[in-house]
Amino acid sequence: MLQAPVPHAFHGRIRPAEPADIDDLMRIEQRVFAIEHIPRRGLRRFLASPTSVLLVATAERRLAGYVLVLFRAKSDVARLYSIAVAPEMARRGIGAALLAAAEQSAIARGRRVLRLEVREKNAAAVSLYRKAGYLMFGRYADYYARRGHALRFEKRLTRRTHRRASRLIVGA
Ligand SMILES: CC(C)(COP(=O)(O)OP(=O)(O)OC[C@H]1O[C@@H](n2cnc3c(N)ncnc32)[C@H](O)[C@@H]1OP(=O)(O)O)[C@@H](O)C(=O)NCCC(=O)NCCS
């Protein structure tokens, strides 16, 4: 099974999101995803839902990014629904740290696999996932609004991943 190296470049903090984070989350969401961003009520719903985990990364006293993982009852598979880092904080290891934290939250809930869809042309995200050990297993044609194909990736999670990633989340 592939193992992702836990990123060392990120020296901030990862914690569960709180209602007070919503404005900052909305700002990141609107800047990063020009179309199809999660609306405010959606973020509120995910924050309160027992079937989702919303984690935020903070660095330099600011909210630098988030990751959202969804869970279904009686399924071994968790879904990475969204991940984003503020553009001015990009390329500092925050995305990789959030991804590792998402894996930890999935393992903590007994899931064995983390799956995601990513726009085929999103080279940065595809590279992030491949580097973290995700394998492509499918493709959805015209998956996104305004046309765009999606690649499907998954990673099998192990306890070793968990132990190494568990240093990352504070308060989870
Ligand atoms: C994808 C995203 C979350 C990466 O966050 P990040 O904090 O910049 O990523 P990291 O610094 O942890 O980089 C980890 C790896 O991702 C890849 N990567 C990140 N940005 C990249 C870029 N602009 N071009 C190519 N590869 C990139 C690299 O492999 C990188 O490793 P390296 O720096 O050692 O080369 C960020 O670019 C983002 O928010 N993009 C917009 C939202 C989005 O597309 N989300 C994914 C939807 S599925």
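Axes are lines fitted to C-alpha atoms, for helices over the stretch in contact, and angles run from 0 to 180 degrees between N-to-C directions. Helices (H or I, at least four residues) and strands (E, at least two) are DSSP runs, numbered from the N terminus. The model is predicted: local features need pLDDT of at least 70, side-chain atom pairs count only at pLDDT 80 or more, and totals for chains, interfaces and linings use all residues. Residues are numbered from 1 along each chain as its sequence is written.

**View 1. The packing of helices α1 and α2.** Two packed helices are described by the angle between their axes and the distance between the axes. Helix α1 (residues 22-32) packs against helix α2 (residues 40-48) at an angle of about 125°, and their axes are 10 Å apart. α1 is therefore oblique to α2; angles under 35 degrees count as roughly parallel, over 145 as roughly antiparallel, 65 to 115 as roughly perpendicular and the rest as oblique. I22, L25 and M26 of α1 make the contact with R40, L43 and R44 of α2 (two residues are in contact if their C-beta atoms, placed from the backbone, lie within 7 Å). By class, this contact has four nonpolar, no polar and two charged residues. Ala, Val, Leu, Ile, Met, Phe, Trp, Tyr, Cys and Pro count as nonpolar, Asp, Glu, Lys and Arg as charged, and the others, Gly among them, as polar.

**View 2. The open sheet of seven strands.** Strands of a sheet pair through backbone hydrogen bonds, either parallel or antiparallel. In this sheet the order is β1-β2-β3-β4-β5-β7-β6, with mixed pairing (two strands pair if DSSP finds at least two bridges between them). β1 (13-16) and β6 (135-140) are the edge strands, each pairing on one side only. From one strand to the next, the twist averages 30°. β4 pairs with strand β5 (residues 113-119) in the parallel sense over three bridges.

**View 3. Helices lying across the sheet strands.** α1 lies across β3 (62-70) and β4, and runs at about 80° to β3. α3 lies across β1, β2 (52-59), β3, β4 and β5, and runs at about 35° to β3.

**View 4. The shell around the ligand.** Of the 19 residues around the ligand, A90, G95, A96, A124 and L128 come nearest; a residue is near a molecule if its C-beta atom, placed from the backbone, lies within 6 Å of it. The elements giving two or more residues to this shell are β4 (77-85), α3 (94-108) and α4 (123-131). α4 gives the most, with six residues. By class, the shell has 12 nonpolar, four polar and three charged residues.
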